[in-house]
Amino acid sequence: MIPDKQVKKEFKQEANKNPDQYYATAVLKQEGFMRKQCACGMFFWSVNAEQKTCGDPGCSGGFRFINGSPAKNKYDYIQLWKKCDELFSKWGYTPIKRYPVTARWRDDTDFVQASIYNFQPYVVSGEVKPPANPLVVPQFCLRFNDIDNVGITGAHYTGFVMIGQHAFMPPEQWNQQKYFADIYQWLRQGLGLPQSEITFHEDAWAGGGNFGPCMEFFSRGLELGNQVYMLYEQTPSGNKPLKLKVLDMGMGHERNAWFTQGTSTSYETTFPTVCKSLFSKTGIRVNPNIMKKFLPYASYLNADEVESMDKAWDDVAKKVGMPSAELRSTIQPLAALFSVAEHSRSLLVALNDGALPSNVGGGYNLRVLLRRALEFIDHYGWDIDLNEVCEQHAAYLKPLFPELSENLENVKKILSVEKAKWLATQQKSRAIVAKLVNETMSEEKLLQLYDAQGIAPELVKEEAKKVGKEVHVPDNFYAKVAELHATTVTAKEKQEQLDLSLIPETKARYYENYQTTAFQAKVLKIIGCNVILDETYFYPTSGGQLHDVGTMDGQDVIDVVKQGKHIIQVLKDPPRFAAGAIVAGVINKERRIQLAQHHTATHIINAAAKKVLGAHINQAGARKAVDKASLDITHYQSLTEEEIKAIEHEANRMVKHNLPVISHFLSRDEAEKKYGMRIYQGGAVPGNVLRIVEIPQTDVECCGGTHLHSTQEIGTIRIIKAAKISDAIVRIEFKAGKAALEEEQKATGMLDELARVLNCKPSQVPARAQELFDLWKTIVKKGKAVASTELTSTKEEQGEIIAITALLLKTQPEHVLTTVNRFWKEIREKLK
């Protein structure tokens with residue numbers, strides 16, 4: 001495969017040679033546009049005979065619409081989408097609701113970064129129907145490569161709405177001329193732009209093995225959007241036309257609204273109520289005279305595109321006509337305030353959609369946003385509450401995204417917990433930095449300190465200044481941090497595969513009824529101890545659920561695995577039957593029922609946790625074995641005993657309600673349309689047909705496991721323990737059905753044994769155990785070495801303590817003191 005960058009370069013050269021073949025030139029010529037070439041090499045189209053530059057801000061003198069937009073129609077942020085909705089509906093497009101910004105339907109990214117992400121890979125490949133065709137969507141996206149530019153350039157965002165214009169058509173229905181004419185009409189009718197204010201660029205696009213031409217559209221130095229036409233694919237035998245041609249137009253919602261208003265920055269148009277509130281709280285004011293001079297050149301300060309930011313500031317300051325230091329001191333506090341507003345909006349949407357700040361992956365970048373906002377607030381001494389800012393964002397966006405107001409309290413709670421973590425980190429950070437300031441602070445060291453310990457480079461710079469040292473912080477520091485945690489897809493280690501190329505796929509019958517444990521089937525192939533049948537009720541290990549075991553014509557089946565669309569039964573010994581035989585399969589019924597109880601209970605606990613803890617709860621992993629099961633949920637802190645009890649209580653309430661468990665198959669597009677993207681609880685699910693397991697009004701998700709017919713068949717659920725296994729994931733271990741009853745009997749037996757040891761009634765055990773626990777805590781606080789004479793003043797109490805400790809440590813009474821002394825030795829070392 002040729003790299004995308006090279007493909008784009010080569011195809012652009014080809015397209016530039018034959019523009020009539022690749023671009024909608026017939027529309028342009030009909031409207032009086034002329035083809036020209038800029039000094040930068042870009043081919044462009046304009047109606048202005050005297051126009052010599054392509055309209056890019058670098059070629060045409062920056063943004064030239066501030067305080068003087070050529071757009072006749074003025075829109076605020078909300079009105080702009082309403083107009084899009086109105087006009088594109090009129091032109092034959094169906095407006096759809098945004099997808100969640102958390103891309104749970106994909107395994108190659110954490111967040112949606114462009115509207116086309118909604119439809120990859122299945123719609124783009126033609127495997128699945130789109131929700132409408134053609135369509136438009138106001139898709140909220142997250143990208144972290146521009147963190148350092150937010151606030152400075154007046155146009156950059158980490159979270160933004162891409163208005164997507166999409167079509168997925170076979171070649172005979174593809175109409176590039178119409179798609180281009182429609183976006184041209186948006187510029188003319190929607191924005192009210194005269195022809196003389198529009199410039200089109202001939203460009204090319206390549207990505208993921210696909211490529212094609214694209215048309216960018218500019219006005220007065222601002223790129224308003226880009227219409228991409230995915231027409232070709234790379235193959236080993238050369239480039240070929242795609243069987244399904246794709247229109248991928250992305251238009252910046254923020255940019256278009258800003259352009260019509262012509263305000264000093266796009267932030268004032270995008271979140272006007274928040275900006276007004278923050279200006280009032282901080283006393284910061286926008287100096288219109290300075291901003292009018294500065295903003296046309298603000299794009300020159302893009303941290304990703306300049307080699308020396310100091311030089312870039314000096315150059316811009318000269319153009320503005322004021323000293324560089326004075327310009328910085330004017331712009332940077334304003335940029336910080338806009339960053340607080342922008343970052344809080346990104347966090348609001350991401351947290352609402354189920355993402356959580358953490359120390360890994362995309363969650364790490366959310367934490368970077370939050371802490372950067374908090375550090376700006378702290379640095380400037382502003383009285384700003386991010387919870388209030390998010391509340392203002394949600395209220396303003398309600399006509400566009402009403403769902404942001406529904407989960408607001410949950411978002412506030414997450415932000416409060418994260419702020420507490422940041423404050424704790426700040427206290428530790430100052431002590432650490434104080435010891436490090438005399439060391440040489442390289443860029444690598446600064447990145448390491450932030451990544452490993454959360455120490456902001458601004459804090460290092462501040463502390464170093466106190467001892468007369470200068471620390472240089474890269475202007476694109478936070479973009480570099482984001483790169484450290486960019487999601488990458490690594491190749492999976494290939495397992496040894498059986499040659500099943502000529503064997504029909506196995507019909508999986510276990511979906512039909514978990515109670516079916518005896519069947520007959522035809523043997524299609526035998527490889528060693530591996531048997532492939534034409535159909536089977538044996539469940540293979542998948543989705544975190546262990547496989548069935550049983551017999552096949554009396555021989556033990558010890559494992560069941562899935563290879564593509566084939567199910568392989570693994571026998572303990574080589575089979576005594578041959579291919580073509582009809583064999584009798586018998587599944588271990590007790591094991592099957594227990595696994596089904598644990599699997600259905602997993603769905604119940606997930607729903608109960610969501611109800612108790614909040615809408616941010618999602619499944620991050622699960623394991624369903626015979627003895628017990630576990631569910632990993634996304635959550636921002638450890639569970640309290642009260643929360644664990646509440647989840648268990650809610651789960652058993654659902655069980656007792658005898659709710660039906662309904663399993664059925666739907667096409668992917670139907671399932672997503674009916675239930676939304678929350679069906680992807682265990683991660684990305686392949687294929688164009690999904691099995692949906694629904695417990696009405698309780699839980700619905702894609703699932704391929706064996707399930708009960710009603711919740712009452714679970715019997716009872718007992719949570720054994722819950723523990724935080726990573727920064728934003730809590731593991732809940734539990735038992736259901738027979739395993740739960742055995743756990744209860746075990747607990748009852750232990751309670752009786754404790755009552756005997758403590759010489760009290762079973763009902764008195766908790767109080768007596770608490771007394772002993774408090775005694776141990778007292779010893780811990782004193783840091784004493786434990787000896788038999790120090791435990792208590794009476795031999796009777798000493799004996800009780802030793803006995804209870806032996807029981808809890810699962811050791812003999814005579815070994816207790818040795819074990820505890822070893823423990824205290826470790827404690828004493830730590831106390832030193």
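Analyst: Let us start with one residue. Leu-639 sits in the loop between β19 (629-634) and α22. This is a predicted model, so every value here is computed from predicted coordinates.

Is Leu-639 buried or exposed? Its relative accessibility is 13%. The cut-off for buried is under 20%, so Leu-639 counts as buried.

Which residues does Leu-639 touch, leaving aside those up to four places away in sequence? They are Leu-613, Ile-644, Ile-647, Ala-722, Val-730 and Ile-732. Sequence distance and spatial distance are two separate things here. Take Lys-721: Leu-639 and Lys-721 are 82 residues apart in sequence, but their C-alpha atoms are 9.7 Å apart in space.

The whole chain gives some background. Among contacts with a separation of 6 or more in the protein chain, 67% join residues 24 or more positions apart. The chain has 832 residues, and 54% of them are buried. Its secondary structure comes to 28 helices and 24 strands.

Now back to the partners of Leu-639. Two of them, Leu-613 and Ile-647, also take part in a helix contact, with Leu-613 in α21 and Ile-647 in α22. Two packed helices are described by the angle between their axes and the distance between the axes. Helix α21 covers residues 589-613, and helix α22 covers residues 641-656. Their axes come within 8 Å and cross at roughly 125°. That angle makes α21 oblique to α22. The crossing of α21 and α22 is right-handed.

Who makes this contact? From α21 come Ile-604, Ile-605, Ala-607, Ala-608, Ala-609, Lys-611, Val-612 and Leu-613. From α22 come Glu-643, Ala-646, Ile-647, Glu-650, Ala-651, Arg-653 and Met-654. Sort the residues of the α21 and α22 contact by class, and you get eleven nonpolar, four charged and no polar.

Helix α13 (residues 324-352) packs with helix α15 (residues 386-397) at an angle of about 70°. The axes of α13 and α15 are 9 Å apart. So α13 and α15 are roughly perpendicular to each other. On the α13 side, the contact uses Val-340, Ala-341, Ser-344, Arg-345 and Leu-348. On the α15 side, Leu-386, Val-389, Cys-390, His-393, Ala-394 and Leu-397 meet them. By class, the contact of α13 with α15 has eight nonpolar, two polar and one charged residues.

Next, the strands. Six of them form a closed barrel in the order β11-β12-β16-β15-β14-β17, with antiparallel pairing. From one strand to the next, the twist averages 45°.

Look at strand β11, residues 518-527. Strand β11 pairs with β17 (residues 582-587) over five bridges. There, Phe-519 stands opposite Gly-585 in β17. Strand β11 also pairs with β12 (residues 530-533), over four bridges. There, Val-523 stands opposite Leu-533 in β12. Both pairings are antiparallel.

Strands β11 and β12 form a hairpin with two residues between the strands. In that hairpin, Gly-528 takes a positive phi near 65°. Gly-550 has Val-557 of β15 as its bridge partner.

Technical notes
Residues numbered from 1 in each chain as written. Predicted model: local features only at pLDDT ≥ 70, side-chain atom pairs only at ≥ 80, totals over all residues. Heavy atoms only, no water. Axes fitted to C-alpha atoms, helices over the stretch in contact; angles between N-to-C directions. Parallel < 35°, antiparallel > 145°, perpendicular 65-115°, else oblique. Left-handed = near helix turned anticlockwise from the far one by under 90°. Contact = heavy atoms within 4.5 Å. Nonpolar A, V, L, I, M, F, W, Y, C, P; charged D, E, K, R; others polar. Pairing = 2+ DSSP bridges. Buried < 20%, exposed > 50% of the residue type's maximum accessible area, 1.4 Å probe, protein only.
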